Amino acid sequence: MEDEPVAGNLLPIKRFQRRLEDFVCAHCGNEVKGHGYTNHCPRCLYSLHVDHNPGDRANNCGGLMRPIGLELKRDDYIIVSRCEKCGAIKRNKAAVDDNREDLIRLSKLPVK
Ligand SMILES: [Zn+2]
Ligand SMILES: [Zn+2]
């Protein structure tokens with residue numbers, strides 16, 4: 001995969017950095033093929049608390065983010081997750097390969 005050119009330090013902090021990485025889901029053990037835009041598991045929708053902004057890996061909490069709800073923004077599904085370690089709430093765009101049944105099930109849960 002090609003790296004996108006970065007224009008030195010002149011740009012403000014990028015809000016979204018694309019990373020391609022494979023990882024093993026810390027919740028269900030699913031081997032996830034990273035495609036750069038998500039760090040959550042498409043099977044159980046759990047993720048890890050590693051970002052301040054999506055993709056920056058700047059948070060060293062490392063807690064398991066439990067999916068607690070789903071929001072619809074325009075045409076995007078946004079998964080709302082809460083860190084089981086520090087309680088932070090994060091929102092992540094759902095990916096096309098996410099488990100649709102789980103997403104629909106999530107959408108019926110109230111966001112606490
Ligand atoms: Zn999983
Ligand atoms: Zn956390």
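User: What makes G87 stand out in the hairpin of β5 and β6?

Analyst: Happy to start there. In this predicted model, G87 takes a positive phi near 80°. The hairpin has five residues between its strands.

User: And how do you know that β5 and strand β6 pair?

Analyst: Pairing asks for at least two bridges found by DSSP. β5 and β6 (residues 89–93) have five bridges in the antiparallel sense, so they count as paired. Within that pairing, V80 stands opposite R91 in β6.

User: What makes strand β4 and strand β5 a pair?

Analyst: The cut-off is at least two bridges, and β4 (residues 64–73) and β5 (residues 76–83) share eight, again antiparallel, so the call holds. P67 stands opposite S81 in β5. Their hairpin has two residues between the strands, and R74 takes a positive phi near 50° there.

User: Why are the buried residues of α1 said to line one face of the helix?

Analyst: In α1 (residues 100–107), D102, L103 and L106 are buried. Looking down the axis, the buried residues of the helix fall within an arc of 100°, so they line one face. On the other side, E101 and R105 are exposed, which means over 50% relative accessible area for each.

User: What covers the buried residues of α1?

Analyst: The cover includes β4 and β5.

User: How do you know that N99 makes a polar contact at the start of α1?

Analyst: A side-chain oxygen of N99 comes to within 3.1 Å of the backbone nitrogen of E101. The limit for such N or O pairs is within 3.5 Å, so this one qualifies.

Methods: Residues numbered from 1 in each chain as written. Chains lettered and ligands numbered in written order. Predicted model: local features only at pLDDT ≥ 70, side-chain atom pairs only at ≥ 80, totals over all residues. Heavy atoms only, no water. Helix = DSSP H or I, 4+ residues; strand = E, 2+ residues; numbered from the N terminus. Buried < 20%, exposed > 50% of the residue type's maximum accessible area, 1.4 Å probe, protein only. Arc of directions from axis to C-beta. Contact = heavy atoms within 4.5 Å. Polar contact = N/O pair within 3.5 Å; in protein donor to acceptor, adjacent residues only side chain to side chain.
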